[in-house]
Structures are given as C-alpha cells and as structure tokens.
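Good morning. Please look at the structure on the screen, and I will take you through a few points.

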Amino acid sequence: GARGGQVPLAGSRLCLYEDGTELTESYFRALPPQTELVLLGPGDSWPGCTSDIERFLAAFSSQRDAVVEAARQLLSGERAPKRQKLLADLIHNLSENILAEERGDDEKWFEGLESRFKNKSSYMRYSCESRIRSYMKEVSSFITNVHPTARETYKGIIDLMAEKLKSVKYNGCYFDRREKEEEARLCTPEGWFSCQGPFDRDECPSKHSINPYSNRESRILFSTWNLDHIIEKKRAVVPELAEAVKTRGGREVNWEYFYRLLFTVENLKLVHIACHKKTNHNLSCDKAKIYRKGKQNHKIS
C-alpha cells in the first residue's frame with residue numbers, strides 16, 4: 001500500500017504480485033495477511049512474478065558468482081525437497097568451467113578418465129569414435145547372417161567402409177567443439193549440444209540441451225544421450241545391405257549410400273535418452289540408391 005501515509009496518485013492501481021490480478025476494494029479487504037502486492041502508476045502494467053524470471057536470467061551472465069553464492073546460502077537452510085532440487089540444479093548449472101580445455105585447468109572434469117586424455121576435446125572425440133566403431137562391429141558381425149555365396153562381396157564392402165571410417169577418424173569431429181567441419185559437428189564452438197528430437201519430429205519438444213565440456217556430471221550425463229539412426233541400423237540398414245549383396249546379380253552395390261546411413265549425420269540424430277523412441281521406425285532404405293546407377297553392365301557376367 002502507500003508508504004508514510006501518502007495517498008497513491010490518481011489513476012494508480014493495486015494488483016497481486018503473483019499473477020497481476022487487479023484488486024477491487026472488496027477483493028483487497030478479503031486478502032490474507034502477508035499477500036505481496038504491486039502498486040502501479042497510470043499506464044503501468046504488471047504481468048506477474050514470471051517477469052522476475054527474465055530479470056533473474058539476465059543476472060546469470062553479469063552476476064553469476066553472486067547468484068551461486070546466494071543459492072548456496074539458501075540451500076544450506078532449505079528443507080523442502082523440491083526447493084533443494086531447484087537450488088542444487090541452479091548451482092550445478094552455474095558452476096561450470098566451459099572454456100577450460102586442458103587437464104590442468106579443470107582436474108575435476110577428468111576424474112575417472114584414463115591419464116592419456118590430456119584435454120577435453122580428445123576425450124570427446126574418443127567418445128564419439130567409440131560409438132561409431134561399435135556400429136562398424138555390428139555391421140561386421142552380421143556377416144554370419146549373410147548368404148554364403150554373398151559373404152565375400154559383403155566382406156569387401158566392410159573393408160571399404162572401414163577404410164573410409166579410418167580416413168575420417170571415425171567421425172570423432174561430431175563431438176569435438178574445436179573441429180572446423182561445421183556441417184558435420186553436432187556441437188557449438190562453446191560445446192553445447194541440443195537434442196534434435198525423436199526420429200519422427202523435426203525438433204525436441206522439451207528443448208533438451210547439455211554441455212558435456214562444462215563439468216564432470218554433465219560429461220557423464222551426456223554418455224546417456226543417443227545417436228539414433230532414423231532409418232534403423234538393426235531393423236533396416238544392415239539387413240537391406242545383406243539382401244542387396246545377395247540379390248545384386250551383375251549390379252554394383254552402392255556401399256557409400258549404406259555408409260552414410262550407418263555412420264554419418266545424414267541418418268543420425270543426437271537425442272536425449274527420453275526422446276529416443278525404441279519403437280519400430282518403419283522406415284526403409286531408398287530402393288533407388290541401393291545399386292550404383294549406370295554401372296550395371298560394366299562387367300561381363
């Protein structure tokens with residue numbers, strides 16, 4: 001209300017701090033004690049406490065250390081689990097060391113990792129390479145399911161794929177913020193990754209994002225994110241490759257098409273684990289791309 005007995009200016013209004021509801025005299029008299037109010041001058045408006053969130057977010061960049069310290073003090077005396085979680089998450093997200101790259105600049109980040117990793121990007125590259133190598137192993141081990149007469153050709157394709165993967169360092173650039181291949185990299189130069197949404201959506205409805213370069217906990221959480229094959233690896237791509245080899249006749253299998261589907265972001269989406277749908281995608285390879293065009297008759301059969 002008015003301070004020091006002063007009567008508010010003509011045209012002033014009182015509203016609830018919480019949601020901006022304007023008060024009538026009867027509503028004002030019925031309010032419980034300690035209700036927070038906002039006095040508005042002529043032409044002013046108050047959208048509710050949510051507008052304070054915008055000011056709070058603005059303080060993140062300019063007053064980060066002060067916000068962390070205030071949150072720590074509040075957390076030390078907080079007993080309500082929900083409020084504890086909010087404060088702990090806030091402290092976690094603001095206590096980050098994104099710019100640090102070398103081991104000596106952020107020892108905590110490297111806890112639990114082998115000493116051979118001297119900087120963050122080298123570990124992140126290795127992390128991506130490991131995933132891509134595991135896909136290659138699946139393709140190789142499928143040879144036991146390939147028709148015996150087609151196994152030699154299938155093995156030849158495996159060798160070509162392995163050679164190509166080796167030449168591009170197993171696409172470790174996808175997780176490396178320092179790589180220059182902009183069209184391939186999945187992260188920003190600062191190291192942020194955004195969930196690209198489930199296979200059947202263009203974007204993530206929850207706007208999931210993570211920066212595994214920021215702190216150890218985020219690095220570990222990022223390992224639960226999936227590189228999801230849109231046209232599925234196990235259900236579609238590998239079986240269709242095996243079938244193409246078996247039924248090719250005199251045609252040449254377009255192995256580079258299958259390579260792109262298996263190992264590149266042409267067919268890989270980075271998704272938060274909650275957005276990784278395990279259901280059948282019901283998508284198959286493009287029949288027009290399975291064999292090389294114009295090369296069917298280059299060999300005498």
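Cys-204 is buried, at a relative accessible area of 3%; buried means under 20%, exposed over 50%, and partly exposed in between, with a 1.4 Å probe and protein chains only. Cys-195 is buried as well, at 8%. How far is the sulfur of Cys-204 from the closest cysteine sulfur? That sulfur is in Cys-195, 3.8 Å away, which is too far for a bond. A disulfide is a pair of cysteine sulfur atoms within 2.5 Å, and by this rule the count is 0.

This is a predicted model, where local features need pLDDT of at least 70, side-chain atom pairs count only at 80 or more, and totals for chains, interfaces and linings use all residues. Residues are numbered from 1 along each chain as its sequence is written, and side-chain values use heavy atoms, with hydrogens and water left out.

Next, confidence. pLDDT is the predictor's confidence in each residue, from 0 to 100. The chain has a mean of 89, and 93% of its residues reach 70 or more. Over residues 1–5 pLDDT stays under 50, and the model has 1 contact there beyond four places in sequence; contact means heavy atoms within 4.5 Å.

Last, two helices, meaning DSSP runs of H or I, at least four residues, numbered from the N terminus. Helix α5 (residues 120–141) packs on helix α6 (residues 151–167) at about 170°, with axes 10 Å apart. Angles over 145 degrees count as roughly antiparallel, so α5 and α6 are roughly antiparallel. Residues making this contact include Ile-132 of α5 and Tyr-154 of α6.

How values were computed
Axes are lines fitted to C-alpha atoms, for helices over the stretch in contact, and angles run from 0 to 180 degrees between N-to-C directions. Angles under 35 degrees count as roughly parallel, over 145 as roughly antiparallel, 65 to 115 as roughly perpendicular and the rest as oblique.
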